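The sequence and structure come first.

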Amino acid sequence: MTETTPNHTQTVEGWAAMDSNGKIAPFVFKRRENGEDDVTIKILYCGICHTDLHHVKDDWGITMYPIVPGHEITGVITKVGSNATNFKVGDRVGVGCLAATCLECEFCKASEENYCDKVQFTYNGIFWDGSITYGGYSKMLVADKRYVVHVPDSLPLDAAAPLLCAGITVFSPMKYYNMSQPGKKLGVVGLGGLGHVAIKFGKAFGLHVTVISTSPSKEKEAKERLGADDFILSTDPERMEQSGKRSLDYIIDTVAAKHSLGPILELLKVRGTLVLVGAPDKPLDLPSFPLFFGKRNVAGSMIGGMKETQEMMDFCGKHNITCDIELVKPDHINEALDRLARNDVRYRFVIDIDASSDH
Ligand SMILES: [Zn+2]
Ligand SMILES: [Zn+2]
């Protein structure tokens, strides 16, 4: 499709997977000219999200190759369309998962365009002009102004990049389900890319934060470095029952593997809410008794709208919240993806797009 799109005349260097072996290699492609609603961004950093891993390997059977992944993008504006009056050249900005939505449905109108039925994503989507979208593993991006946010000056662009997906994914349900009332108790299941920012948001909202994890080694890390107040080892049902039953107002579950929800639900107070934001590829069993006996709710949530993404960025700027990252050069994307597949990362890889190669 890209070949037949006439105004795609800008040559861009990037990194792509060509087939389902999932190996990333340098890839030169075209992007559209900067339109009147667009801004052009020199990409400086791009986070590596679990979703990227699924797409490069075509785990979900929907990948259009070649694929240029990346939806945790930060950089600096180099060109501004005549309608993009909210931006100017030199602005520090971010782009997350969204590239286009219908602009007309109830969700688009209510600033919940992430739930638009016609949503198109930053990569592996189809843009309004019919072209396939290419993501942030590249040196430059042309983005519609509606899907671009400002990054506060106080935030470093590298550690801010994962906020565009990991950050908003936990921030949005925390706001929606009122998990921002100081003194209330939040549980965070899983201490990875999403979980570690959930702790930071929780503390900034004034919550008492308990981390629930299967690995005892994470207790010290959670409490001493990330500021969690409490830790529950979820492999120890007895301790869970003793110390945790009916103790939490809400729980964010970030685990991306199949796991048992019953014991987690028991940790909730009566009328408590569990929000799932991890994406296990197999269905989770949902036992009904912990729901009945505690009048509890189970919910889901996916990223957030653009207005809310800007709100999150501003909140992060005010409270100095960023992600803990490991910077990688573009040459090392494959190693980073391999390590991510083994959960061997603290807590997010971010590609330093401008870094020179080793050889
Ligand atoms: Zn993501
Ligand atoms: Zn819509």
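## Model and domains

The structure is a predicted model. The protein falls into domain 1 (2-165 + 304-352) and domain 2 (167-300). Taken over C-alpha atoms, the centres of domain 1 and domain 2 lie 28 Å apart. Domain 1 supplies 19 residues to the contact, and domain 2 supplies 18 residues.

## Interface between the domains

The size of an interface is often expressed as the accessible area lost when the parts come together. Here domain 1 and domain 2 bury about 1,700 Å² between them, with 59% of it on carbon and sulfur atoms. On the side of domain 1, Glu308, Phe315 and Tyr347 lose the most area to domain 2, and together they account for 32% of what that side buries.

Polar and charged pairs also join the two domains. The rule finds 14 residue pairs in polar contact across the interface, both residues of each pair being at pLDDT 80 or more. Four salt bridges are counted between domain 1 and domain 2. Helix H10 (residues 306-319) provides the largest share of the side of domain 1 that touches domain 2, namely seven residues.

A salt bridge links Arg346 to Glu221, and the closest N and O atoms of this pair are 2.9 Å apart.

In soluble globular proteins, nonpolar side chains tend to be buried together. In this model the largest nonpolar core contains 56 residues, and Leu163, Leu186 and Phe201 have the most contacts inside it. Both domains take part in this core: at least three residues come from each of domain 1 (2-165 + 304-352) and domain 2 (167-300).

## The loop at Gly278

Gly278 sits in the loop between strand E14 (268-276) and helix H9 (289-292). Beyond its neighbours within four places in sequence, Gly278 is in contact with Asp253, Thr254 and Val255. Gly278 and Met302 are separated by 24 residues in sequence and by 9.4 Å in space, C-alpha to C-alpha.

Key
Residues numbered from 1 in each chain as written. Chains lettered and ligands numbered in written order. Predicted model: local features only at pLDDT ≥ 70, side-chain atom pairs only at ≥ 80, totals over all residues. Heavy atoms only, no water. Core = buried A, V, L, I, M, F, W, Y, C linked by side-chain atoms within 4.5 Å. Buried < 20%, exposed > 50% of the residue type's maximum accessible area, 1.4 Å probe, protein only. Domains from an automatic or database assignment. Contact = heavy atoms within 4.5 Å. Buried area = accessible area lost by both parts, 1.4 Å probe. Salt bridge = Lys/Arg side-chain N within 4 Å of Asp/Glu carboxyl O. Polar contact = N/O pair within 3.5 Å; in protein donor to acceptor, adjacent residues only side chain to side chain. Helix = DSSP H or I, 4+ residues; strand = E, 2+ residues; numbered from the N terminus.
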